[in-house]
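I am opening a notebook on this structure and will write down what I look up, one element after another.

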Amino acid sequence: MDQIDRAILRELQNDGRLSNQELAQRVGLTPSPCMRRVRQLEQDGVIQGYRAVIDPEAVGRAFEVLVSIEVERDREVVESFEAALQDVPDVIEAYRLFGSPGCLLRIAVEDLRAYERLWIEKLTALSGVTEVNSQIIMKRIKEPRGLPVDG
């Protein structure tokens, strides 16, 4: 991956809706080689997809909580827990961690009442869960803006 590929990645992370014409101009290429490079980055799995960034308030999910969960340290239990998380749409990110806690979730719901319902009906009911700790997000200080791609 050279500097032009990295420039393409930077520009697309900033605005995934750039036309090929605009992208080519920004990275100093003509449109045809620029498109070839983008397609190659897609085929190689470097660019894994394109998404819209949605305002959480606009869709009724402005209440965010970081949740640390302890799960029994058994392979089958952990695999079952991770599979069950896939069916909980309020969990928008999930990470298995080394050490304690064993799992960290980012949850987006409408309000505290909705989170309480999720906590009672789903999180504590998941197989193998031994502890659930919640940290309510007061303010997002830094938005996700993509990965640094400098060489």
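**Entry 1: helix 5.** I began with helix 5, which spans residues 112-123, and found Ala-114, Tyr-115, Leu-118 and Leu-123 buried there. I take buried as under 20% relative accessible area, exposed as over 50% and partly exposed as in between, with a 1.4 Å probe and protein chains only. Helices (H or I, at least four residues) and strands (E, at least two) are DSSP runs, numbered from the N terminus. Seen down the axis of helix 5, the buried residues fall within an arc of 95°, so they line one face of the helix; the arc is that of the directions from the helix axis to the C-beta atoms.

Before going on, I note that this is a predicted model, in which local features need pLDDT of at least 70 and side-chain atom pairs count only at pLDDT 80 or more, while totals for chains, interfaces and linings use all residues. Residues are numbered from 1 along each chain as its sequence is written, and side-chain values use heavy atoms, with hydrogens and water left out.

I then looked up what the buried residues of helix 5 pack against, and found strand 1 (63-71), strand 3 (103-109) and strand 4 (129-136), where contact means heavy atoms within 4.5 Å. The face turned away from the buried side of helix 5 carries the exposed residues Leu-112, Arg-113 and Glu-121. At the start of helix 5, I found a side-chain oxygen of Asp-111 within 3.3 Å of the backbone nitrogen of Arg-113.

Entry 2: In helix 4, I found that the buried residues are Val-77, Val-78, Phe-81 and Leu-85. They cover an arc of only 100° around the axis, which puts them on the same side of helix 4. Their cover includes strand 1, strand 2 (91-96), strand 3 and strand 4, whereas Arg-75 and Glu-76 are exposed on the face of helix 4 turned away from the buried side. Asp-74 caps the N-terminal end of helix 4, with a side-chain oxygen 3.2 Å from the backbone nitrogen of Glu-76.

I next turned to Glu-72, which lies in the loop between strand 1 and helix 4 (75-85). Glu-72 counts as partly exposed, at 41% relative accessibility. Not counting residues up to four places away in sequence, Glu-72 touches Val-77, Val-78, Gly-128 and Thr-130. I also looked up Glu-72 and Ser-127, which are 55 residues apart in sequence and 8.9 Å apart in space, C-alpha to C-alpha.

Entry 3: Is Glu-70 buried or exposed? With a relative accessible area of 14%, Glu-70 is buried, and I located it in strand 1. Its side chain makes a polar contact with the side chain of Arg-73 at 3.3 Å; such a contact is a pair of N or O atoms within 3.5 Å, where within protein one must be able to donate a hydrogen and the other to accept it, and residues adjacent in sequence count only if both atoms are side-chain atoms. A polar atom of the Glu-70 side chain also lies 3.5 Å from the backbone nitrogen of Gly-102. Beyond its neighbours within four places in sequence, Glu-70 is in contact with several residues, including Ser-100 and Pro-101. I checked the peptide bond from Ser-100 to Pro-101 and found it cis, with omega near 0°; Pro-101 lies in the loop between strand 2 and strand 3. Most peptide bonds are trans.

**Entry 4: helix 2.** I found Leu-23, Ala-24 and Val-27 to be the buried residues of helix 2. Seen down the axis of helix 2, they fall within an arc of 100°, so they line one face of the helix. They pack against helix 1 and helix 3 (31-43), while Gln-21 and Gln-25 are exposed on the other side of helix 2. Helix 2 is followed by Gly-28, whose phi is positive, near 80°.

**Entry 5: Glu-11.** Last, I looked up Glu-11, which is found in helix 1. The side chain of Glu-11 makes a polar contact with the side chain of Arg-26 at 3.1 Å. Leaving aside neighbours within four places in sequence, I found Glu-11 in contact with Leu-18, Leu-23, Arg-26 and Val-27.
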